[in-house]
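Please look at the side-chain contacts in the model shown here.

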Amino acid sequence: MESNALTAFIKSVRAAWGPLTSELVAECRHQAAALAGASDKEPWLAALRRDRAANVELYRDPAHGFVLLAHAESAGLYRPPHDHGRNWVLYAIQEGEVEMGSWARVASPDGQVRLVERDKTILRAGDVRAYLPGDIHDTRCLSETALLFRFTERDLRAEDPQRHPITRYVQVDGVWTPGAPR
């Protein structure tokens, strides 16, 4: 296999892989930042920038199950608040600017659940953000285009709906509330 930023990322993450710990997240963040800083002269990255596909699977680990995806986004693309269920995820920005919001799930005295926004952060090329199991976040592409990497501990499409499913939130009368679990 040719040595480049992508293969270095895969090799390093595979070597560090294990149960979720602060050390594992820190190592994966470090590797994701290096990946986001890859030279666009590397053929795999040049192809992503040229093709601008909305979603490309770059790697799926056969032993550990983690998945690395690339997403090309355009100005204004908004992904409403959601969590990744029992999974953790990293977002690394390769080019452009993406705003990421953080939300808390709160219940009123009558039991109605809604979201309260904690903060918004603008991520730029080279920035990496981690979301741990249950963390609720949204994303919005602020620049004309953006290219980001999304690293997930497992394939989110295969998530077990009985074991803390992925939750997407919907806005009802101006209030973000839980939608149907995926």
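The paragraphs below take the aromatic rings and then the charged side chains.

This is a predicted model. It holds 11 aromatic pairs. Tyr59 and Phe66 form one of them, with 5.9 Å from centre to centre and 45° between the planes, which makes the pair tilted. Tyr59 has a relative accessible area of 15% and is therefore buried, the limit for buried being under 20%. Phe66 is buried as well, at 0% relative accessibility. In the pair of Tyr91 and Tyr131 the ring centres are 5.9 Å apart and the planes stand at 75°, so this pair is edge-to-face. Because Tyr91 belongs to strand 4 (residues 89-95) and Tyr131 to strand 7 (residues 128-131), the pair ties together parts that are 40 residues apart in sequence. Both Tyr91 and Tyr131 are buried. Tyr59 and Phe66 also belong to one aromatic cluster with Phe9, Trp17, Trp88 and Phe151.

Among the charged side chains, the whole structure has 12 salt bridges. Arg52 and Glu95 form one of them, at 2.6 Å from N to O. Arg52 is partly exposed at 27% relative accessibility, whereas Glu95 is buried at 17%.

Glu117 and Lys120 form another salt bridge, with their closest N and O atoms 2.8 Å apart. Glu117 is partly exposed, at 37%, and Lys120 is partly exposed, at 38%. A further salt bridge joins Arg154 and Glu153 at 3.5 Å, N to O. Through shared partners, salt bridges link Asp40, Arg49, Arg52 and Glu95 into one network.

Methods: Residues are numbered from 1 along each chain as its sequence is written. This is a predicted model: local features need pLDDT of at least 70, side-chain atom pairs count only at pLDDT 80 or more; totals for chains, interfaces and linings use all residues. Side-chain values use heavy atoms; hydrogens and water are left out. Rings of Phe, Tyr and Trp (its six-membered ring) pair if their centres lie within 6.5 Å; planes under 30 degrees apart count as stacked, over 60 as edge-to-face and the rest as tilted. Buried means under 20% relative accessible area, exposed over 50%, partly exposed in between (1.4 Å probe, protein chains only). Helices (H or I, at least four residues) and strands (E, at least two) are DSSP runs, numbered from the N terminus. A salt bridge is a side-chain nitrogen of Lys or Arg within 4 Å of a carboxyl oxygen of Asp or Glu.
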